[in-house]
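Student: I am new to this structure. Could we go through some of the terms used for it and see what each one rests on?
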Amino acid sequence: MIFTRGARITGAVLCAALAAVTAAWIVRDLLETERPVDLWWFWAGQGEIRAASPPVTSLLDPVLLAVHTVVAVTVMRSAVAASALFAAGALTLAVRLPGLWVLGSSWMDGRAPDDLRTRALLCAFGVLAAAVVLIVTALAGRGVPDSAYALTPTRPAQGVAVTAFLLLGAAAGIWAAWEVYWGQRLGLDAYLDRVTGESVLMPLLGTPPGWLNAAIVLLCLAAAVGALFGTPFSRPLGMVAAALLTGLGGAALATALRYEQLDRFGELTTVEQLSLASLLFGLGAGTLALFALARRGEEDMPGAGAHGPAWGRPEPQRYGQGGGGFGPPPPSSPPPGW
């Protein structure tokens with residue numbers, strides 16, 4: 001099966017719209033902030049900033065902006081466009097869904113003007129609707145190949161699949177272990193607040209930490225298992241999960257360098273050491289997984305398993321190879337898409 005042109009156009013437009021909405025909120029916070037660098041430190045969780053109005057974005061917003069932009073640009077020529085749209089929609093749902101109850105809750109009273117909360121809530125409804133349409137488009141936009149050169153889904157190469165399985169599987173285990181730790185330390189009632197966002201200090205468009213960690217675990221686990229079995233969806237889903245790990249780990253590294261935590265690592269408490277080590281591992285694992293999964297996947301050919309041409313079916317004639325002769329090498333392929 002291939003992904004139809006109409007579905008590709010629909011997905012590209014939706015991703016571009018989602019990227020524009022996220023960019024608009026980020027620009028709004030930058031204009032309200034005295035120094036743009038202060039917004040970065042706010043995203044990294046390093047205290048309040050001086051602003052005419054409180055920031056509404058979080059560290060997840062630049063991650064969402066990057067994901068939506070990349071998918072919008074590459075979906076028209078990507079062999080895994082359907083999986084990329086599904087992954088982008090799943091990430092958007094996971095990050096924005098808590099806004100439906102957080103933005104209208106009583107514990108958010110006084111943290112932002114009512115008109116700002118109303119705009120953020122309406123935006124959350126619109127973004128979630130677009131995410132659902134993305135997922136529906138990814139599932140319903142498949143069709144029968146109309147030529148031998150149609151873009152059919154590709155699966156990760158064996159080495160890439162093993163690498164992604166080990167890195168993302170380890171990250172899922174680490175993040176799940178942290179949630180078990182916080183559940184035991186906080187108790188049931190306080191831990192539920194950590195998941196729902198009640199009494200948690202966060203920006204309007206922020207995601208409760210317990211909810212976010214659960215989403216990371218599920219995304220990493222699904223991508224790791226998919227990579228182990230060589231499924232086409234594991235490449236874009238793994239890249240989305242890796243982008244989350246890279247964003248969180250990058251903020252942790254910046255904070256550690258700012259406060260010289262690496263130089264005085266031995267002076268930190270055990271929990272602080274393990275937390276910093278986990279986030280830095282996420283940075284490294286996410287970066288490596290991104291580079292590995294960005295490589296071109298392998299296309300299945302009927303009658304030859306996961307690799308190689310089909311038996312009894314000639315390969316498409318290459319450039320300059322007429323009548324069995326040898327011509328110049330074919331032109332270089334475009335960079336791999338999602």
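**Terms and what they rest on**

Tutor: Isoleucine 2 has a relative accessible area of 12% and is therefore buried. The model is predicted, local features need pLDDT of at least 70, side-chain atom pairs count only at pLDDT 80 or more, and totals for chains, interfaces and linings use all residues. Residues are numbered from 1 along each chain as its sequence is written, and side-chain values use heavy atoms, with hydrogens and water left out.

Student: Why is isoleucine 2 called buried?

Tutor: Buried means under 20% relative accessible area, exposed means over 50%, and partly exposed is in between, with a 1.4 Å probe and protein chains only. Isoleucine 2 has 12%, so the word buried applies. Isoleucine 2 belongs to strand S1 (residues 2-3); strands are DSSP runs of E with at least two residues, helices are runs of H or I with at least four, and both are numbered from the N terminus.

Student: How do you know whether asparagine 213 is buried or exposed?

Tutor: Its relative accessibility is 12%, so asparagine 213 counts as buried. Asparagine 213 sits in helix H9 (residues 209-228).

Student: What does asparagine 213 touch, leaving out residues up to four places away in sequence?

Tutor: Asparagine 213 touches Trp175, Glu179 and Arg194; contact means heavy atoms within 4.5 Å.

Student: Which residues of helix H2 are buried?

Tutor: In H2 (residues 36-43) they are Asp38, Leu39, Trp41, Phe42 and Trp43. These buried residues pack against helix H1 (5-32), helix H3 (60-74) and H10. Just after H2, glycine 45 has a positive phi of about 80°.

Student: What makes H10 and H11 oblique to each other?

Tutor: Helix H10 (residues 234-258) and helix H11 (residues 270-293) pack at about 140°, with axes 7 Å apart. Axes are lines fitted to C-alpha atoms, for helices over the stretch in contact, and angles run from 0 to 180 degrees between N-to-C directions. Under 35 degrees counts as roughly parallel, over 145 as roughly antiparallel, 65 to 115 as roughly perpendicular, and the rest as oblique. H10 and H11 are therefore oblique. The residues of their contact divide into 15 nonpolar, 8 polar and 1 charged.

Student: How many helices and strands does the protein chain have?

Tutor: The chain has 11 helices and 4 strands. Of its 338 residues, 46% are buried.

Methods. Ala, Val, Leu, Ile, Met, Phe, Trp, Tyr, Cys and Pro count as nonpolar, Asp, Glu, Lys and Arg as charged, and the others, Gly among them, as polar.
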